[in-house]
Amino acid sequence: MSDKAQGAPEAPPEDLTRDQLLAMYRRMRLIRAFEDKTKALFEAGEIFGFYHLSQGQEAVPVGTCAALRPDDYITSTHRGHGDVIAKGCDVRYMFAELYGRATGYCKGKGGSMHIADFSQGIIGATGIVGGSLPTAPGIALSIKMRGTDQVVVCFFGDGATAGGGFHEALNLSSLWQVPIIFVCQNNQYALSLPWEQTAYKCDLARRVSTYHIPAECVDGMDVLAVYRAVKKAVDRARAGGGPGFVEAKTYRFLGHYVGDPGLYMPPEEREEWRKRDAIQKLGRQLRQWGILTDEEDEQMGLEIARELEEAVEFARQSPLTDVREALTDVYVHFDYLGNPL
Amino acid sequence: MPFTIAMPQLGLTMEKGTVVRWLVAEGQPFARGQALLEVETDKAVVPVEAPAEGTLARVLVPAGQTVPVGAALAVAVAPGEHLPSGWTPPAAKEAEAPPRAQAEAPVQAPAPAAEAAQAPSGPLQATWKARALARQLGVDLRRVAGSGPGGRIQAEDVVKAAAPAPVRAEARATPTAARLAAALGLDLAGIAPSGADGRIVEADVLREAAALIRRAQAGAPAAPPGPAGVARRIPLAGVRGITSARMAESARTTARVTMFREVDASGLVSLRELFKGQGLQVSYNDILVRICAVALREHPEANARLGEGEVEVLDRVHIGLAVDTERGLLVPVIHDADRLTIPEIAARSAALIEAARAGRSRPDDLTGGTFTITNLGMLGVEGFTPVINLPECCILGVGRIVRKPVALEGDQVAVRPMLTLSLAFDHRVLDGAPAARFLGRIAELVENPLRLLAAG
Amino acid sequence: MATRIITYRDALREALREEMRRDERVFLMGEDIADPFGSAYKVTLGLSPEFGLERVRQTPISELGFVGAGVGAALTGMRPVVELMYIDFSTLAMDQIVNQAAKIRYMSGGQAKVPLVIRTQGGMGRSSAAHHAQSLEAWFVHVPGLLVAMPSTPYDAKGLLKTAIRLDDPVIFIEHKLLYNTEGPVPEEEYTIPFGVADVKREGTDCTVVATSRTVLMALKAAEILEKEGISVEVVDPRTLFPLDIETIVQSVKKTSRLVVAHEAPERCGFGAEVVAQIAEKAFAYLDAPIQRVCGPSVPAPFARHLENSIIVDEQKIADRVRRLVRGEL
């Protein structure tokens, strides 16, 4: 495809450096490759459990986390691989977690849906839809009470907005005016239920704005749009301006979980969204801006592939978590039977 | 092959009998013809003899119980055999035939042993503590009467059933606990251990004592303090009455002195063994009768009685043997004991004792004695002061033979079977010195029984 | 050591005040907890004037929201004490309690700790009816990752609450609405009570009664009644349902050979069943009679006072069962 095929060339954005742009691009590609690899490993029978993959949605976590500092927090969901990799998780330890190894982020005790790295402010993904919505305002409250200028981003999907916790979180966040940014990854489906059947004629941003929380709706297939919307909200929150909300319209290219063919997703619709692939879009833009060449792109692809291969190999070679660990980490002060530690 | 000891038909009209007491315990061997137990019918108390030699494996009917003629009283096994595991007592009807060794479900309420308990059918009802105690104390739960609801066996039922329980290896106690229990008069067998290795510790004993006190305090409705009432009345009639009167008179009238002499009974033991080797059942008493008879002949002043204003030295030697019977103290007499050989004395005494115990003594058997021997050795007594059997002037008390260290010539110490002889005499009739000489002769003959051969 | 007689309520307030003074990170959240209302049972009355409305933070009626906020705050450096006005409302927050607070440490492979205390109260006796009178402790004891405390006296309440706040694990701290006005001796000096230590509230030799919360007081009354009949009852209060000091109960049963477990909550799968099962395993050889449970019937709480009273486990019900047990009727 020629550099000029997508209309008039634009100048590179001023609010992001070349390195930042390339980093975002690479990160999105890494997430895509990681999700593809995970699917392949599951189908090959090498890993077990429930996998909810996010191919297609990469721009949302990447754009969001590009606006965050390492000491900011995020909470994630069952479809959180992209969120945690965007925040900074190392794919080696992620694969190790999926393989149930001692070197996994959670020593194999959390798995795909519950990956956490507290050292990077990743306060755990949860397998409950909307499960982190009531928790995140508490993190923001803690920031405010401790007097730091951290922020917390709460990721969730369109399905979670139907739960009572969503409303309670918004209400408390605005009552308390705490530094939380709600980022809704609206991928149009809550399992098999289309967005229109989750909320009645709902303009989410408008609904949320009635809580006096500034809310924006952006194209989730455009990583820069996501970045800019989130950055605005983050800066405001960091300055003490209270909560913010960004709805990113996006799409998951696959079914709800690995093994779900997504028969409820019309093929034309899937085809439409695929054309809007955020990675390809940024790739084109980077070429237009002269930041990326085809060779570099291909080179990047090979590096990512090798990085993932090494990561998988690392996971395969890692020792299985000691079986006795099945009984540990229930409490700080006691063992699982109640004996003091 | 196990065989049954059944309630014998002791009389034509006998329908049932009561077990009076077992003379052989479970696990003990016995000889053919040996008396295993005593049973009582309407008329008498009779020993039941073993039909063959063997070992008593299981007592089915304890003392005090009454069963029909033909009912199985016990099961025995041939020497060297054991009851098969899973063996169950036979039903009453099969008592005649030897029971088949079987591997059926072992836990069922056995009919004969369930006499006193309301044996529930089905699985044995016992609390967990009762089961644990039963294991510890070696009690067979099937033979325990349950006092709980529906006949459930409670811990205290097991403890009762275990008495008198030797403290088995498992139910051991720490030395302090054992001393404390002994001091408090508590049976260790009834105390549940709390020690880690199943040992009874001091705290357990104290707890048991405290619990007993509390139960005692809590149990009875508060009765006002007062003198003891009468729990049971025994009329001073029959043997009891006679004994009572005669003892009183003897105590009141005789000038009784008792002298003790400890003798080496080795010779006595050897002589008895000698007879046994010849197939003759001779008791120590039998030998003593002969010894006393000889001694009395040589010391006629001891074979005397007090007459009207005079001492009458008697011309014949009739020696009475004090016998403890159901009816009380009887003293059958071996007439002319000095003319009988030891085997003859043995036969005579056996017959007399049996008759006395069965209540079949003839009046002649119980009168005319000139001297009495009373032996409490089998009851552990060493020396004692017997009451003189009027109108006699002497009575010899015999104690138990106990192995003791004694000093021999040259200050060597050896362990010997020692026997204490207690001679009580009436000082109105006989003085101390002659009594002592008489006793001395008895002692000499006990220590050197072969000298009997040289005697007249 | 000087002691004074204060109420259960006062003892709890003292614990909160002392711990909030001791550690800035401790703060309260809940409905109506600030002055002048001072919380539904007045436990927090007087605290907001001293600590302000940031640290005595009133919330709207959003149990899921503010319990979740408590989880989030606990995960990121604070030590919240969240009040659920009635344990009956815990149902609204169950996801945050059971799926989040209880499990985050485990699922994160030990990375997280959740120093959250959820204070709540339950129990019958005020004609508060089915939605305001439950005893739901069994639910929480059953969830791995939670600690559960149920104090029965002012002394226990203060000591246990202080410990709960200082622990780094999530604690469900269950008070009883009829205990707030009860009085008892509490030392002036500071003290804490460790979790996992039962309290023998009364020694005895004939029967062990294990009871929780207000039922402990019923058991003690029953013991008084039975003492006059010559029956000596030992009353054991676990104080913390998890961790449970089963060893003290085992030793008691060893002494008495008989066990009655009593609680107000419905019998079926109640906490008592856990005690019974553990004793059946661990004190098998000491039991000389079947283990008894004297618990609420498995029905919701009725409104009418006489109906409610008929199902509360009181001293007569306990005494009656102990009596029959000791007499060998059971």
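In the contact between chain A and chain C, 43 residues of chain A touch 47 residues of chain C. The structure is a predicted model, and everything below is computed from it. Together, chain A and chain C bury about 3,500 Å², and 65% of that area comes from carbon and sulfur atoms. On the chain A side, the residues that lose the most area to chain C are Phe118(A), Met145(A) and Tyr331(A); this trio makes up 18% of what that side buries. As for salt bridges, the count across the interface of chain A and chain C comes to 0.

Chain C also meets chain B. Here 17 residues of chain C and 13 residues of chain B take part in the contact. The area buried between chain C and chain B is about 1,200 Å², with 56% of it on carbon and sulfur atoms. Lys254(C), Phe284(C) and Asp288(C) stand out on the chain C side: they provide 40% of the area that chain C buries against chain B, more than any other three residues. Between chain C and chain B, too, the number of salt bridges found is 0.

Turning to the inside of chain C, helix α1 (residues 8–22) packs with helix α7 (residues 154–166) of chain C, their axes coming within 8 Å and crossing at roughly 25°. With an angle under 35 degrees, α1(C) therefore counts as roughly parallel to α7(C). The crossing of these two helices is right-handed. From α1(C), the residues in the contact include Tyr8(C), Ala11(C), Leu12(C) and Glu14(C), while those from α7(C) include Pro154(C), Ala157(C), Lys158(C) and Leu161(C). Sorted by class, the contact of α1(C) with α7(C) holds 9 nonpolar and 7 charged residues, and no polar ones.

Helix α1 of chain C has a further partner in helix α2 (residues 47–55) of chain C, where the axes lie 11 Å apart and the angle is about 60°. That angle makes α1(C) and α2(C) oblique to each other, and their crossing is left-handed. On the α1(C) side, the contact is made by Arg13(C), Leu16(C), Arg17(C), Met20(C) and Arg21(C); on the α2(C) side, the residues are Leu47(C), Glu50(C), Phe51(C) and Arg55(C). By class, the contact of α1(C) with α2(C) splits into 4 nonpolar and 5 charged residues, with no polar ones. Leu16(C) turns up in the contact with α7(C) and also in the contact with α2(C).

Key:
Residues numbered from 1 in each chain as written. Chains lettered and ligands numbered in written order. Predicted model: local features only at pLDDT ≥ 70, side-chain atom pairs only at ≥ 80, totals over all residues. Heavy atoms only, no water. Axes fitted to C-alpha atoms, helices over the stretch in contact; angles between N-to-C directions. Helix = DSSP H or I, 4+ residues; strand = E, 2+ residues; numbered from the N terminus. Parallel < 35°, antiparallel > 145°, perpendicular 65-115°, else oblique. Left-handed = near helix turned anticlockwise from the far one by under 90°. Contact = heavy atoms within 4.5 Å. Nonpolar A, V, L, I, M, F, W, Y, C, P; charged D, E, K, R; others polar. Buried area = accessible area lost by both parts, 1.4 Å probe. Salt bridge = Lys/Arg side-chain N within 4 Å of Asp/Glu carboxyl O.
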